[in-house]
Amino acid sequence: MVEDYPVKTQTQMSGALQCMGGKLRNNSANNPAYVFLVRDVIDGTVKEGMYNEGPLADAGKVQLSSILSAHTMPSYAVIADTFPMIFSSLGNEVLGLNRYGMPTDSNINNYLSKLLAYVNLSRQQSGLPQVSRIMPLVIDGAFTRLDAAPTVSRGYGHNGGYRGGDTEERSSAIDFGKSISERAITLVLNIVDPRFNTIVGTESFNLTFYNNSKTARFRVGISDLYYGFSNTDVVAESVHAAQQALLDAAAVWILDNAYKNNVAFEDCFSSPEEAALGADVRTKPTTPQSKAAPEAAPEAAPEAAPEAAPEAAPEAAPEAAPEAAPEAAPEAANSDADDSHADRVDSEVAAATGKNNDISEKTDVTESPADAELPVNVKVVTTDSVKMRAEAVTGNLIKFFEAGEHVALIGVSKNGDWSLVYDSEKQEGWVASKYLKPLGVIPPINN
């Protein structure tokens, strides 16, 4: 007999999902209507085939459909059980997709009209106003990475003891050790508009899972007697648990992108890590120049407003610039980076954040401060073991900083929770802003 009681599945994202579901229910009257069609979430780490088995679970479609269904209502979200034939390549345009990868007009219109009637019936029963259209979205995903062996392994040990002389019949020994290893798994997700065979959203999620082991041993001997004690503590995070967490993250991203224009989900994210899993705009990198711009805008707007004609725009811009500059300068001087860093190219931010979607927003970043002639803003690390990552929040680990180390600031995320920095070896990466404090402005680091 199994000793424990069954419990409902929980991951790190369960709280955020429950909050998002509550906000969607409270806003039912204003939510647009979607039908979510989830394809099989395949294991892309092995060759596709009936007899090719991999270590990953094959029920990703079932779980993702379950998550979406649990946190939505049929008055604004229909979760299809069976994938419709009209969105499948059957080689028959009457039943499936045509030669352009699109369903025929008659098939898609008949399908959506039936679902629209179903949604409006549900809304009528709930006392909600009717909607005039329903949007189909296909969710297509695959697990594209699973490390077969640990990518990082660390460990240390201590031991000591006492051994008596020839006349002493006593001895003792103590040993202590700890080890940790980590692997990573990746889920890639696409949102597809099946009416036009186009991808309208895409994202990739990485998750690192760990295997921790601690061992302690103690032994003491007196004459012919001895006593020993040992303890081993092993915590292994399983690959299937990692899959569940990634699918929960995928559901957060899907719902946030589908309804972000109608529902304010900001309160549902209790940490920068959770917020980063939603719409890209929440973690868009920014620079001191872009921070200062909102301060300057109110000064420039009144002068430009009276001249509504297009011809007035070139004249308004020079007038606004001198007035806005004094207001923006103090703001930029107290920001996390120098104003001289306001012209960086998009490619550096894309490399640092891993964002390259047509639905994400880009922010310019200037050339590397290590090569600039102007001073740079320097900060000091306030605690030990602070991580530098290749991407904000969930990027691969680059190194650990110790308390007292200095870093040069390049820019910060929009919400200020993450800072893009470089160290004395000119390695660039993202560090949590709460572990940094200002040190001052010093000349740039040179070889």
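**Asn 206 and its surroundings**

Guide: Let us begin with Asn 206, which, neighbours within four places in sequence aside, is in contact (heavy atoms within 4.5 Å) with Ile 185, Thr 186, Leu 246 and Thr 394. The model is a predicted one, in which local features need pLDDT of at least 70 and side-chain atom pairs count only at pLDDT 80 or more, while totals for chains, interfaces and linings use all residues. Residues are numbered from 1 along each chain as its sequence is written, and side-chain values use heavy atoms, with hydrogens and water left out.

Visitor: Why is Asn 206 called partly exposed?

Guide: Buried means under 20% relative accessible area and exposed means over 50%, with partly exposed in between (1.4 Å probe, protein chains only). Asn 206 has 29% relative accessibility, so Asn 206 counts as partly exposed.

Visitor: Why is Thr 186 called buried?

Guide: The relative accessible area of Thr 186 is 7%, and therefore Thr 186 is buried. Thr 186 is placed in strand 6.

Visitor: What makes the pair Asn 206 and Thr 186 a polar contact?

Guide: A polar contact is a pair of N or O atoms within 3.5 Å; within protein, one must be able to donate a hydrogen and the other to accept it, and residues adjacent in sequence count only if both atoms are side-chain atoms. The side chains of Asn 206 and Thr 186 are joined at 2.5 Å, so the pair meets the distance limit.

**The nonpolar core**

Visitor: What makes a set of residues a nonpolar core, and which members touch the most others in the largest one?

Guide: A nonpolar core is a set of buried Ala, Val, Leu, Ile, Met, Phe, Trp, Tyr and Cys residues joined through side-chain atoms within 4.5 Å. The largest has 45 residues, and Phe 36, Leu 64, Ile 185 and Tyr 259 touch the most other members. Elements giving two or more residues to this core include helix 1 (14-26), helix 2 (60-70) and strand 6 (170-193). Helix 4 gives the most, with 13 residues. Another core, of 17 residues, lies apart from it, with Val 35 and Leu 116 among them.

Visitor: How do you know that the buried residues of helix 2 line one face?

Guide: The buried residues are Gly 60, Lys 61, Leu 64, Ser 65, Ile 67 and Leu 68. Seen down the axis of helix 2, they fall within an arc of 160° (taken from the directions from the helix axis to the C-beta atoms), so they line one face. On the other side of helix 2, Val 62 and Ala 70 are exposed.

**The largest pocket**

Visitor: What makes a space a pocket, and which residues lie nearest the centre of the largest pocket?

Guide: On a 1 Å grid over the protein atoms alone, a pocket is an open set of points with protein on both sides within 12 Å along at least five of seven lines, whereas a cavity is a set where a 1.4 Å probe fits but cannot get out. Lining residues have an atom within 4 Å of a point. The largest pocket is lined by 46 residues, of which Asn 206, Leu 207, Glu 273, Val 393 and Thr 394 lie nearest its centre. Strand 7 gives the largest share of this lining, seven residues.

Key
Helices (H or I, at least four residues) and strands (E, at least two) are DSSP runs, numbered from the N terminus.
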